[in-house]
Amino acid sequence: MSLTIQIEPRTLHFKFPAGTSRGVYHERRIWLLHLSDSTRPAFHGIGECAPLFDLSPDYDEAYEARLREVCREVERTGRIDFESLRKFPSILFGLETAFFQAEAKGAYALFDTPFSKGKVGLPINGLIWMGNREEMRRRLTEKIRQNFRCIKIKIGAIDFNDELELLARVRAYYNTECITLRVDANGAFSAEDALEKLQALVPYNLHSIEQPIRAGQWAEMARLCRESPVPIALDEELIGVYSLADKVALLETIRPAYLVLKPTLHGGFQGCEEWIGLASERGIGWWITSALESNVGLNAIAQWTAYQLQRSVKSSQTMFQGLGTGQLFTDNIPVSHLQMRGDELWFIP
């Protein structure tokens, strides 16, 4: 085996300012990994390293230099050392993606599933990004017109009463059988007022709320999970929790209702499989979400998601996934195999 990994930096541009309670994204820096083997002509794959500058635990000014160093080591050994890369999830994700495609001889169908054969689609939630009240109203109307059965609204950056009004607009016409509602606070609530705000969300029959308070407050989050009338899903809380022992400690302490898993942030595919196994043992639900990757990363996540759902218990199979971010960029990398049909993501072989 004689591996070569070429690194290609790219900058993607959003179609609109993508706002969260943590800030607004205008462009997206990624690194594509082109993996090949001179002794095996059919062995080639593309991976994507897409750290989020204010969120990923492995992103800093030395990121590209570190990435090059890791790739040289993989070239030398011919394998990915998962244990040494636990603290570098976006790099791990890029390498895993490249190897998956190379093992598939360059194909974009990475696993043998009904999804990869074009027989079923993956139901996804329609995401309402932050904006002013009128922008969010318009985006909400668009998602309803597109017949999304699950809508996720990012909250925490504008007036809370305006956000409640958005939820009320949905529930005035659509009950839970028609539209499932999720909200994502990205840690915007304070530990002191979180429970009061969670109580205010009760009339809108939410499926769940993601990360109501900022990560790292295990005792406060555990209390909220016990007392909240709205099921709580952890997202940012999982970032930087690397070892199996620490993952067990987090789940045993906080006991959330759900995990929202992002391979780029939460340990690559192998790290997320650890989270899925531990969650399943404890009766904790989960779904999988992309983290603003290009179509290269999105395809890999969608393929892997379909594989995980094929292996999972029925309760996780019915979850709406968060894989709709491929339509956000003006200059996305074309992967024509992905196609939206209504509120489902399909792979066209």
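Axes are lines fitted to C-alpha atoms, for helices over the stretch in contact, and angles between N-to-C directions run from 0 to 180 degrees. Helices (H or I, at least four residues) and strands (E, at least two) are DSSP runs, numbered from the N terminus. This is a predicted model, in which local features need pLDDT of at least 70 and side-chain atom pairs count only at pLDDT 80 or more, while totals for chains, interfaces and linings use all residues. Residues are numbered from 1 along each chain as its sequence is written, and side-chain values use heavy atoms, with hydrogens and water left out.

Q: Why is H3 called roughly parallel to H4?
A: The axes of helix H3 (residues 133–145) and helix H4 (residues 160–171) come within 11 Å and cross at roughly 25 degrees. Angles under 35 degrees count as roughly parallel, over 145 as roughly antiparallel, 65 to 115 as roughly perpendicular and the rest as oblique. H3 is therefore roughly parallel to H4.

Q: Which residues of H3 and H4 meet?
A: Contact means heavy atoms within 4.5 Å. Arg 133, Met 136, Arg 137, Leu 140 and Ile 144 in H3 meet Asp 162, Glu 165, Leu 166, Arg 169 and Val 170 in H4. By class, this contact of H3 with H4 has five nonpolar, no polar and five charged residues. Here Ala, Val, Leu, Ile, Met, Phe, Trp, Tyr, Cys and Pro count as nonpolar, Asp, Glu, Lys and Arg as charged, and the others, Gly among them, as polar.

Q: What makes H6 oblique to H7?
A: The axes of helix H6 (residues 218–227) and helix H7 (residues 244–254) come within 8 Å and cross at roughly 45 degrees. That angle makes H6 oblique to H7. The contact of H6 with H7 has seven nonpolar, one polar and one charged residues.

Q: Why is H8 described as roughly parallel to H9?
A: The axes of helix H8 (residues 268–281) and helix H9 (residues 295–311) come within 12 Å and cross at roughly 30 degrees. H8 is therefore roughly parallel to H9.

Q: What makes the pair Glu 75 and Arg 72 a salt bridge?
A: A salt bridge is a side-chain nitrogen of Lys or Arg within 4 Å of a carboxyl oxygen of Asp or Glu. In the salt bridge of Glu 75 with Arg 72, the closest N and O atoms are 2.7 Å apart. Both residues lie in helix H1 (residues 63–77), three residues apart, about one turn of the helix. By this rule the count comes to 27 salt bridges.

Q: Why does Asp 112 count as exposed?
A: Buried means under 20% relative accessible area, exposed over 50%, and partly exposed in between (1.4 Å probe, protein chains only). Asp 112 has 57% relative accessibility and therefore counts as exposed. Its salt-bridge partner is Lys 117 (3.1 Å, N to O), and Lys 117, at 44%, counts as partly exposed.

Q: How do you know that Glu 210 and Lys 152 are buried?
A: Glu 210 has 0% relative accessibility and therefore counts as buried. Lys 152 is also buried, with a relative accessible area of 5%.

Q: What do the side chains of Glu 210 and Lys 152 form?
A: These side chains meet in a salt bridge (3.0 Å, N to O). Glu 210 lies in strand E8 (residues 208–210) and Lys 152 in strand E6 (residues 150–154), so the pair ties together parts that are 58 residues apart in sequence.
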